[in-house]
Amino acid sequence: MHALSNLKFPCHLHAVNAAPNVGLFLKYVTISGNCQFQTEGSVVYKKICGKHVPNAGNSLGYTGELQTEDTKYLDGENIQVNTTQIKKRKLIEKIKDMLNSIKDGMSSVSPYDTAWVALIKDTNGNDRPQFPSCLQWIVDNQLSDGSWGEETVFCIYDRLLNTIASVVALTTWNTTYEKRNKGVLFIKENICKLETTNVENMTCGFEIVFPALLDKAQHLDIDIPYDAPVLKNICARREMKFKRIPKEDVHTIPTTLLFSLEGFRDLDWERLLKLQMPDGSFLTSIASTAFAFMETNDQNCLIYLQRVVKKYNGGVPHSFPVDMQARLWAIDRLQRLGISYYFEEEFKDMLDHVQRYWNEEIGIFSGRNSNFCDIDDTCMAIRLLRLHGYDVNPDVLNKFKDGDNFFCLMGETDKSPTAMYNLYRCSQVSFPGEKILDDANKFTYNFLQNCLSNNQSLDKWLIAKDIPGEIRYALEVPWYASLPRVEARSYLEQYGGANDIWIGKTLHRMPNISNNVYLEAGKLDYNQCQSQHQFEWTIIQEWYTHNNFQHFGISEKDLLEAYFLAASSIFEVERTRERLAWAKSLIMGKMITSYFSEEATTFTRNSNETRQMLLNNLLQFLLQLSEETYETLGKDIHLQLHSAWGTWLMSVGEEKTARQVEPELLVRTINLCAGHMVDDDIISSIDYKNISNITNKVCFKLQSGKVSGINCNRNPNRSHESTNEVESDMKELKRLMRPKAKTSTSNYTLLGERG
């Protein structure tokens, strides 16, 4: 397989031959500006115009120097000034710096966890806090209404938990009575809101940790209405949970309970310390670890807390480290925004880090070296590691399977739509025979469909802009059929940037994952690519008109479909030659097969003039493509290009055969014009033939409309069977074409975003 490492077979196979809705094409390529994004702090990228009129006689049109309407002239020299391009470069460099500095990952400060650390007394016996900077952070960060917590989103569970913890810390150290009293007033005035707030909005572990703080507050004589029915109800639910939780499991099995030890009573610390993580924490929870230290004086806990306080300069997050989650979700966001091709080196380093701490027995957690794992982080790791060529076994997902059901965390009472969504996406990168991924696909598809049907997409881990939209897109468009530019266009609308908020015991933000820098760069890149595509669309239209292709039965709709499929898969600005080669190859192939088919109606089959025109157009196309590839890359593709087309022409006598092998011709043409030369030994190899045969087979089915969801109305009785066949073939194709992470990233077009 290493010999094939430079070949690029499109994974988005329906793009080769399918015919999507033309309305979508028009929305994408027309120069109305409707699809361009307004970007913060800059003008929209303007329509690119040619410095010279494109040469219609040139097979590819003029693809050299371009200028924008912002071009200025100084001292007689043409100096291109494009503020948008400059800004995009700066954003890309900023993102590179962000990715290279992730280290342990970042979360926003949690007042709740900071207050727990502030409660720790000086280890030398002095009557002062061990971490005065944490207490000072509490003093400095009270909100104007007297509460502590997430400022922009009011969640009563988050505000009350953060506020009572902060009030307890201030009272413990007899400081800033005014702030303390203001916090108590907020609690009194807002306790009643717990009665009317939707339980689905409850933060994680609230029923366990909030009553524990009430106990502390009552012990300190803080004036809170402890007899309020809503508080009594919460405390009663806590006691019910205690009865349902086997105490033996708390002390012997790593579970999410380790994340909230501060909410428990009568713990056997000698046994619990055996479940401590190597970094000294309890499941990366700062509050839980602070409580453990106060109960045990364990020095590993203290060292962990000192490290976190130093890193955050006072306030601490709800969890640390989050290095695995930060890396995986950052890669995922950048891929879906359509700009991951700028960060291949950074992704390699990030995924090397993930693989280094991958545990094939239990998976991974948000932080490295965890003795407890969850399905969300685990399935995200499986999907991204596999897509980038790492060897990873999905059988670990059996740990999260109970009968026919899958769960994110053992013992959970309700499932997270986003966790099941990520499992569904993971299930689509399966290889043949991987039953666990087949089972996951069936379960999550039905689960997510029910979520949308019942309007139950509210998530317990994430507050995001458009979770239903993300789920809907994934269900409607299988991964292997998703066009990169269409997906990016959709996700640019769905991604909330810095407004996305994560839910733990408190609300928090994760700047490595959700930020406006990613969003702004994605919009600028999309606009720039679209402007280039619009310019190329004018080139290919002139090529169409100049060569009178309408005479050969080619409509402008055919031309539009061909270019759209190329541009939505190979979208990068600098890949003009490959895009136009893709689109024009489709047009040339359609003309030739139409000429030899029984359906030819717009010209005469036996016309020598027509035949000669077809031949001249094809030879001109191949000549220009060869010349421009040589001029640009210094590679002579003439012989291999003619050989590929000659082999295909031999099959044209039978239209069905020609259509069946057309995808291989298209792939070879695109690869050659990109400079990927292939030895004859490789082309004749078993691996190459297997890959070509499967590619041709899948594309032919998609083109023929035999697959459900893609023009299946032509053959409604065969669509389900054919869909299953395509799914099976795609699994085998993914297995054959998986990239080699340690040797090359050139196969990224097969399994990644750049189809």
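This is a predicted model: local features need pLDDT of at least 70, side-chain atom pairs count only at pLDDT 80 or more; totals for chains, interfaces and linings use all residues.
A polar contact here is a pair of N or O atoms within 3.5 Å, where one must be able to donate a hydrogen and the other to accept it.

Select D158, which you will find in helix α6, spanning residues 156-172. Show its side chain together with the backbone of E150, and you will see that the backbone nitrogen of E150 lies 3.1 Å from a polar atom of that side chain. D158 is buried and yet has no salt bridge, the nearest side chain of opposite charge being that of R159, 4.7 Å away. If you then display what surrounds D158, leaving aside residues up to four places away in sequence, the residues it touches are W148, G149, E150, T203, T506 and L507.

Next, turn to the largest nonpolar core, a set of 149 residues in which L99, L194, F210 and L397 have the most contacts. Helix α6, where the tour began, gives the most to this core, with 10 residues. Select F210 and look for L160, L161, I164, I191, L231 and I234, which it touches when residues up to four places away in sequence are not counted. Apart from this core lies another, of 42 residues, including I539, I592, L625 and I637.

Finally, select residues 323-336, which form helix α14, and follow its 14 residues from the first C-alpha to the last, a reach of 20 Å that is close to the 20 Å expected at 1.5 Å a residue. This helix is mostly covered, with 14 of its 14 residues buried, and after it comes G338, whose phi is positive, near 85 degrees.

Methods:
Residues are numbered from 1 along each chain as its sequence is written. Side-chain values use heavy atoms; hydrogens and water are left out. Helices (H or I, at least four residues) and strands (E, at least two) are DSSP runs, numbered from the N terminus. The expected span of a helix is 1.5 Å times one less than its number of residues. Buried means under 20% relative accessible area, exposed over 50%, partly exposed in between (1.4 Å probe, protein chains only). Lys and Arg count as positive and Asp and Glu as negative; His and the chain ends are not counted. A salt bridge is a side-chain nitrogen of Lys or Arg within 4 Å of a carboxyl oxygen of Asp or Glu. Contact means heavy atoms within 4.5 Å. A nonpolar core is a set of buried Ala, Val, Leu, Ile, Met, Phe, Trp, Tyr and Cys residues joined through side-chain atoms within 4.5 Å.
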